[in-house]
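Hello,

Please open it before reading on.

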Amino acid sequence: MRLCRFTPRDAILAGLSVAHLTLTLTLALTWRDGSAVTRFAGLPVVVLMTVYNIIVISHVFTHQAWFRSPFLNRLVSMLNSLNIAQSVKAYELFHVRNHHRYHNDRKRADGTTGDFSSTFRDGEGDDHAGLLRYAFWGAATTLLGVGRALLSVLRLWRVGGRESELRSLLSRNPLKRRAEQRQIQLDRMALSVGIVLFLALDWQWAVFVYLPALYLSFALVNVQNYYEHYGASPEDRYANSVSYYGRLYNLLTFNDGYHQEHHLSPQAHWSRLPQIRAGGLSQAQGKHHLVSPVPALLGFLHRGRAVRWRERPAVRQVRRGA
């Protein structure tokens, strides 16, 4: 009987998830007795693992759960909820049901965006928000959300009445809605137990390494999302995202660079994204599909993108419906 739903290569992602937690625990256990160099190196290692997990491992999982067994998929969600310090099921709802519905949309007539993570949401007029505000203020908001999720232990980690955005994304089907709420509850429970374990192993590591690493990780993930959409055309389904086609990067990130292809077909398995480029994007000839010479995390090095954005007033003035 096949264990994986799509391809045995997805088991690599599961293995990386386990390795992430194993290395985090090792760092917590050995930090106090390590040299100054190894203690300092612990922070960037946690940042690297967390960023990679959010933008690659958990991202892939939210679109295509790896296993045929619902039980195994529930365990993976709990495991990576601890790894990325937020519920993977909640991440799925915000990313799949919200972001991939509105595609980083511009502000509507009432000044709001449908996409809760839109780079236009806090921008002035019809412009993107500033990178620093989007990345670092957004990271602070996410970290605050982690704290609220931990405090939800007071209601047994259930989704609270004040979590209006999250509640709006839950399924309308009563059975599916209960299942989604249950998974968020399990994810938060796993995160809470893990945080208590980290504090018990070494509270100084948890406070001075793990917590700052989470904040920096969330900020870098925001930079990634910012440059996956900065300069793109939200109104054009063939040009609402930015792709990067470097071979080594896409080999190491399971084709994460094929972002426009991913937006064209969000439920396509990561291994099929190059085929979508060869097929679906052929319809976009003559349109404004933006290809970056650098990965999204290094998008600030793509100097020509800002110039291109500023020089497209006719495209930017398209009115959106309410």
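The model is predicted: local features need pLDDT of at least 70, side-chain atom pairs count only at pLDDT 80 or more, and totals for chains, interfaces and linings use all residues. Residues are numbered from 1 along each chain as its sequence is written, and side-chain values use heavy atoms, with hydrogens and water left out.

Helix H4

Helices are DSSP runs of H or I with at least four residues, numbered from the N terminus. H4 covers residues 88-102. Its 15 residues should span 21 Å at 1.5 Å a residue, and its end C-alpha atoms are 20 Å apart, which agrees. That expected span is 1.5 Å times one less than the number of residues.

At the start of H4, a side-chain oxygen of Ser87 comes to within 3.3 Å of the backbone nitrogen of Lys89. Just after H4, His103 has a positive phi of about 55°.

The buried residues (under 20% relative accessible area, 1.4 Å probe, protein chains only) include Tyr91, Leu93 and His99. The buried residues of H4 pack against several helices, among them H2 (36-63) and H7 (174-201).

His95

His95 sits in H4. His95 is buried, at 12% relative accessible area. Its side chain makes a polar contact of 3.0 Å with that of His59. Such a contact is a pair of N or O atoms within 3.5 Å; within protein, one must be able to donate a hydrogen and the other to accept it, and residues adjacent in sequence count only if both atoms are side-chain atoms.

Helix H7

H7 has 28 residues and reaches 41 Å from first C-alpha to last, close to the 40 Å expected.

Best wishes

Note on methods:
Helix = DSSP H or I, 4+ residues; strand = E, 2+ residues; numbered from the N terminus. Buried < 20%, exposed > 50% of the residue type's maximum accessible area, 1.4 Å probe, protein only. Contact = heavy atoms within 4.5 Å.
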